[in-house]
Amino acid sequence: MSATEQTLGYIGLGSMGAPMAMRLVGWPGGLTVYDVRDEAMAPFAEAGATAAAGLEQVATADLISVTVLDDAQVREVVSELARHAAPGTVIAIHSTISDTTAGELAADLAPHGIHVIDAPVSGGAGAAQKGELATMVGAPREVYERIKPVFKQWASLVIHAGEPGAGTRMKLARNMLTFTGFAAACEAMRLA
């Protein structure tokens, strides 16, 4: 299957998920979206995406992105998707999660042929609208190569960080370095 033949699913159409998913509308293989709020799905349906009635409908996609609130919601959504997803399905977690969550979910679902990867993003909603996010992907190399053309629709920088969980650890390290840089600059200004 070529990258453009993949069917796409997107769950969670909030401040980050909506602009990321909107950049996937018109994908040749099709896009199915789901959010607990019907009004969040309406613009996607108007633009040509399929608005799902529930998670089981999104689970038929080849690549499913998840951008929900927290670790607990990620685990709940992935568990429900796994009940309906076919072997070969890739579930990409863009939400803020524990650095162990993606690895645990990947290990749990690997026997079923379902790939769970983590792909946290940096850049904010404005960058998402422009397709200028950065994403650090924790995935086996062959899965990374499969998803990269899709992620390039909403990210200008797609980095392979290593196995599932490595993307989240890379994002945590990046956040720590950024915070340290800000703290050092503030301290230097205070001393000056």
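Let's begin with a term: a salt bridge here is a side-chain nitrogen of Lys or Arg within 4 Å of a carboxyl oxygen of Asp or Glu. And please keep in mind that what you're looking at is a predicted model.

With that rule, we count 5 salt bridges. Go to arginine 75: its side chain meets that of aspartate 71 in one of them, at 3.0 Å from N to O. Both residues sit in helix α4, which covers residues 71-84, and they are 4 residues apart, about one turn of the helix.

Now hop over to helix α7, residues 141-151. Arginine 141 and glutamate 145 both lie there, 4 residues apart, about one turn of the helix. Their side chains meet in a salt bridge at 3.0 Å, N to O. Arginine 141 is partly exposed, with a relative accessible area of 45%, and glutamate 145 is partly exposed with 41%.

Which of its residues are buried? Those are Thr101, Ala102, Leu105, Ala106 and Leu109. Looking down the axis of α5, the buried residues fall within an arc of 125 degrees, so they line one face of the helix. The face turned away from that buried side carries the exposed residues Ala107 and Asp108. And what covers the buried residues? The cover includes α4, β5 (90-93) and β6 (115-118).

Next up, strand β8, residues 133-138. How many of its residues are buried? The count is 6 of 6, so to speak: the strand is mostly covered. Leu133, Thr135 and Val137 point one way, Ala134, Met136 and Gly138 point the other way, and all are buried. Here's the general idea behind that pattern: in a regular strand the side chains alternate between the two faces of the sheet.

Who are the neighbours of β8? Strand β7, residues 121-122, pairs with β8 in the antiparallel sense over 2 bridges, and serine 122 has alanine 134 in β8 as its bridge partner. Strand β9, residues 155-162, runs parallel to β8, with 6 bridges joining them. In that pairing, valine 137 has histidine 160 in β9 as its bridge partner. Together, β8, α7 and β9 make a right-handed β-α-β unit.

One last stop: threonine 168, in helix α8, residues 166-191. With a relative accessible area of 7%, threonine 168 is buried, because the cut-off for buried is under 20%. Leaving out residues up to four places away in sequence, threonine 168 touches Ile97, Ser98, Asp99, Asp118 and Pro120.

Definitions and conventions:
Residues numbered from 1 in each chain as written. Predicted model: local features only at pLDDT ≥ 70, side-chain atom pairs only at ≥ 80, totals over all residues. Heavy atoms only, no water. Buried < 20%, exposed > 50% of the residue type's maximum accessible area, 1.4 Å probe, protein only. Pairing = 2+ DSSP bridges. Right-handed = clockwise from strand over helix to strand, strands pointing away. Contact = heavy atoms within 4.5 Å. Arc of directions from axis to C-beta.
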